[in-house]
Amino acid sequence: MDGGFWKGTLVLLVCTYTAEASLSLHMDDFIKAVKRVEAQDPGSKPVAVLKRLRRAAGLNDAFIQHFLSDAATSGPELEANLSAYVHKAVHHSVQEDAREEGVVLTSDGTTVALRPLLLGLEAGFLSKTRGQARGLYHLTLAKDLGLSLRRRSNRQHFDADGCWDNLTSPRVFTLSAKPSLLTTALVNGGMDGVVLGMEVSGKARQHLKLSSLLTEYYNHQLNSEGLDSAPRLISRRRRENFKGLTLPPALARWVVKSVELEQQLGGNPSGETKKQLRALVRNRLKAFFHTVTGKHNPKRNVRAPGISGDMQYFTVFLGCPPIIPRCMWGAEPYRGTPTRLTLPLSFMYIHHTHSPSEPCLTFQQCSADMRSMQRFHQEDRGWDDIGYSFVAGSDGYIYEGRGWHWQGAHTLGHNSKGYGVSFIGDYTARLPSQHAMRLVRDQLAACAVGGGRLASSFTVQGHRQVVSTSCPGDTFYEEIRGWERFGVCRNTGIPAGIVEKK
């Protein structure tokens, strides 16, 4: 056979392998893979593309087939290297060494499990009725919640997130604590699957491409007004969109039905009657119901009796604003030994950064601003770490500074009494975005009270009320004076000779 033929074949194989090997576990790269699947059959509809992805990922068990068709009938298999990439990116698991697989990093800095996202989309595209999709909640969240709720042991630690090995070309995601059944990425993917699945249900979609839908949802560019003028259907709004679609009693029913269906399909009854199962789910969802409906009782301990660790994690997750952990914005280690706070605290002190002076609108810019402030605090001021407890960007996220448990260096003479929360930007003559202010005023504060970190009677004060400073800016200070929790300082000034650890 002609040597030129073999040379051309070898070049083709090498190029194919190199192209697939270069794809990272970033949502942008996964979308590139989706585009390749679409290009192999230009006229294919989103459902056909989703079935081929599901086949490559090995998502074809009896539970899934109960709601979706057999993926083995989805036509030709993907080429080997593309199929291997899809399987790695979509097939979800948590390893003993805390590595979470089947997740991708998105442009907004959050991590998403692809399995529930894609299953939710397929259920939505199959629906012919607007606002209804058979199996939508079962495939995205209910099954995983059911597994978590029925766990008898509560010995595991449930943490909110994890860290990537590299933010430019992510390949390994490691949970920040001992593995659990329910992870932040899994819940993110489940919520996105519900939101997008409901959105595409019953719609005319002859010309819609899956890759375009994912791009619009995960890669929307904010303008100078931040989320105040952003469209409804973007990943930064997943929690508010999910809450708007999900009624607590319905979620409880879907969880029960998912558990019953899995037992039926697997021929493995638990020994619990239907009544007992419903009672178990109902009792363990109580905290979630309080969170979603806003009926939180601050006098009640955050961990209600009978609520499993995973359900408690899910409750905290939904009740709190999305928080970008230190490892994701590239924080340097704390210098020295931090001082643990004695909780609950009585104050939330509001700051503005002044410099950086402009609001940050992307995960990349907000992260750079966080690193810049930390360098200034550590190198120029000689502090142990960035001074603030938390920092609000205008990209839709709160950024972790010293966090919930460690004393900050934000409000001289009062660091042990309250959390210091700063807004990136100079707000002398303008206000932060309304969305950013709601994140702090409503969600972060409620999260702190619900978690026993702020006293239910806590007070909001501006930095200038207790320290001689113009912070948080004249315009912003006038704004927070109208906040419900705003309080006048009873004891102004700093006691003489006070020394605080920085």
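The torsion about the S-S bond of Cys163 and Cys327 is about -85°, so this disulfide is left-handed. The sulfur atoms of Cys163 and Cys327 lie 1.8 Å apart, a disulfide being a pair of cysteine sulfur atoms within 2.5 Å. The bond links distant parts of the chain, with Cys163 in strand 5 (residues 162-164) and Cys327 in helix 15 (residues 326-329), 164 residues apart. Helices (H or I, at least four residues) and strands (E, at least two) are DSSP runs, numbered from the N terminus. Cys163 counts as partly exposed because its relative accessibility is 23%, and Cys327 is likewise partly exposed, at 37%. Buried means under 20% relative accessible area, exposed over 50%, and partly exposed in between (1.4 Å probe, protein chains only).

The model is predicted: local features need pLDDT of at least 70 and side-chain atom pairs count only at pLDDT 80 or more, whereas totals for chains, interfaces and linings use all residues. Residues are numbered from 1 along each chain as its sequence is written, and side-chain values use heavy atoms, with hydrogens and water left out.

By the distance rule, the count comes to three disulfides. Cys320 lies in the loop between helix 14 (309-319) and strand 7 (323-324) and Cys447 lies in helix 17 (residues 434-450), so the pair ties together parts that are 127 residues apart in sequence. Cys320 counts as buried at 9% relative accessibility, as does Cys447 at 5%.

The remaining disulfide joins Cys360 to Cys366 (S to S 2.0 Å). The link of Cys360 and Cys366 is right-handed, with 95° about the S-S bond, and both cysteines are buried. With bonded cysteines counted along the chain, the disulfides follow the pattern 1-3, 2-6, 4-5. Cys471 is also buried, with a relative accessible area of 7%.

The axes of helix 3 (residues 46-57) and helix 6 (residues 114-126) come within 9 Å and cross at roughly 150°; axes are lines fitted to C-alpha atoms, for helices over the stretch in contact, and angles run from 0 to 180 degrees between N-to-C directions. The contact (heavy atoms within 4.5 Å) is made by residues including Leu50 and Arg54 of helix 3 and Glu122 and Phe125 of helix 6.
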